[in-house]
Amino acid sequence: MKNPYYHAFFYRNKLWAVGGTGLLIIFQSGSGLASSWLLGAVLDAITAGNGQRMVQLVWFAIGLIAFMGIAGVVSWKLMAVYVRKGMRQYKNQIFQQLCKKRISAFSGESASKYISALTNDATQVEQNYLLNLSNLWNQIVVFFAALGMMAWYNPLAALAALGLSALPLLTAMLLGKGLASREKAVSDQNQRFTYSVNELLSGFSVLKSFRAEAQGQQLFSQANAQVEQVKSRRRVWAGLFKTLGMVTGGGMQMAMFFLYGFLAIRGKMSAGDVIVMVNL
């Protein structure tokens, strides 16, 4: 059975999704791989003192920059249309499912639950899922493309890079579930906060009539503190996730730099090849 909410992202939206994601992959992965090759080629041309080769590389660089500019603008335009249509259909689907409820079922629930789903949760879905979905496919393509290019330069060095890449991957696997549970906690707390605000504003005339503004302010302050506390825990965990990713990724790159340096000293690689491999 299809998930109606997942299906809502792509209903009559596949062309924009594939076009935006595909062009973004070509733009980001293609320009990244070409830039890595260009750096190595420039360094080799400098080492060899080949001026004619440098002129050729300058023209190549100009063409690459032009391609990156045009492809980048077009891909993000397509992505903007894809996200706009996807989020519009997603929220329409939520409201459509809500309208199917019986009066008795709806009366037994808080409206803040659905307000939160259409506002706070929808924003989280857009930022943490829909926008990152294309980035996920891009990273997968870049990984295998870079690995293939590395194997073409030096199979042994590519194998070493593959082994070292397990470090940041292991970090993501260990911390990913903790981050997901904290995102869920933020969603639940946002729902409770929306409920509290809705109740306080609905009873505003009562608060004023009984001069209970101080009590209302205290209730709001408590709800506000609780939601910000949960969001703070999520930020700390996300910061830990990013920091460990940077440390393991940086350590991996440093280790490969020294490994390729030793291979270059032994004549297995050129200085330009080292730059290319480290970038890849």
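**Exercise 1. Two packed helices**

At what angle do α6 and helix α7 pack, and how far apart are their axes? Determine also which residues meet and of what kind they are.

*Solution.* The structure considered here is a predicted model.

Step 1. Two packed helices are described by the angle between their axes and the distance between the axes.

Step 2. Helix α7 covers residues 155-164, and α6 packs with it at an angle of about 145 degrees, the axes being 6 Å apart.

Step 3. On the side of α6, the residues in contact are F143, L147, M150, A151 and Y153. On the side of α7, their partners are P155, A157, A158, A161 and L162.

Step 4. Sorted by kind, the residues of this contact are ten nonpolar, no polar and no charged.

**Exercise 2. Aromatic pairs**

How are the rings of Y5 and Y90 arranged, and how are those of W152 and Y153 arranged? State for each residue whether it is buried, partly exposed or exposed.

*Solution.* 

Step 1. A pair of aromatic rings is described by the distance of the centres and the angle of the planes. The count for this model comes to ten aromatic pairs.

Step 2. The ring centres of Y5 and Y90 lie 6.3 Å apart and the planes stand at 70 degrees; planes over 60 degrees apart count as edge-to-face, so this pair is edge-to-face.

Step 3. This pair links distant parts of the chain, with Y5 in helix α1 and Y90 in helix α3, 85 residues apart. Y5 has 31% relative accessibility and therefore counts as partly exposed, whereas Y90, at 11%, is buried.

Step 4. For W152 and Y153 the centres are 5.1 Å apart and the planes are at 85 degrees, so this pair is edge-to-face. W152 is exposed at 66%, and Y153 is partly exposed at 22%.

Step 5. One aromatic cluster is formed by Y5, F9, F10, Y82, Y90 and Y129.

Step 6. A ring may also have a charge over its face: R182 lies over the face of W237, at 3.9 Å from the ring centre.

**Exercise 3. Two serines**

Are S116 and S36 buried or exposed, and with which residues is each in contact?

*Solution.* 

Step 1. S116 belongs to helix α5 (residues 111-118), and S36 belongs to helix α2.

Step 2. Buried means under 20% relative accessible area. S116 has 0% and is therefore buried; S36 has 5% and is therefore buried.

Step 3. Neighbours within four places in sequence are left aside. S116 is then in contact with D121, A122, S187, N190, Q191 and T194, and S36 with V276, N279 and L280.

Notes. Residues numbered from 1 in each chain as written. Predicted model: local features only at pLDDT ≥ 70, side-chain atom pairs only at ≥ 80, totals over all residues. Heavy atoms only, no water. Axes fitted to C-alpha atoms, helices over the stretch in contact; angles between N-to-C directions. Helix = DSSP H or I, 4+ residues; strand = E, 2+ residues; numbered from the N terminus. Contact = heavy atoms within 4.5 Å. Nonpolar A, V, L, I, M, F, W, Y, C, P; charged D, E, K, R; others polar. Phe/Tyr/Trp six-rings, centres within 6.5 Å; stacked < 30°, edge-to-face > 60°. Buried < 20%, exposed > 50% of the residue type's maximum accessible area, 1.4 Å probe, protein only. Lys NZ or Arg CZ within 6 Å of the ring centre and 35° of its normal.
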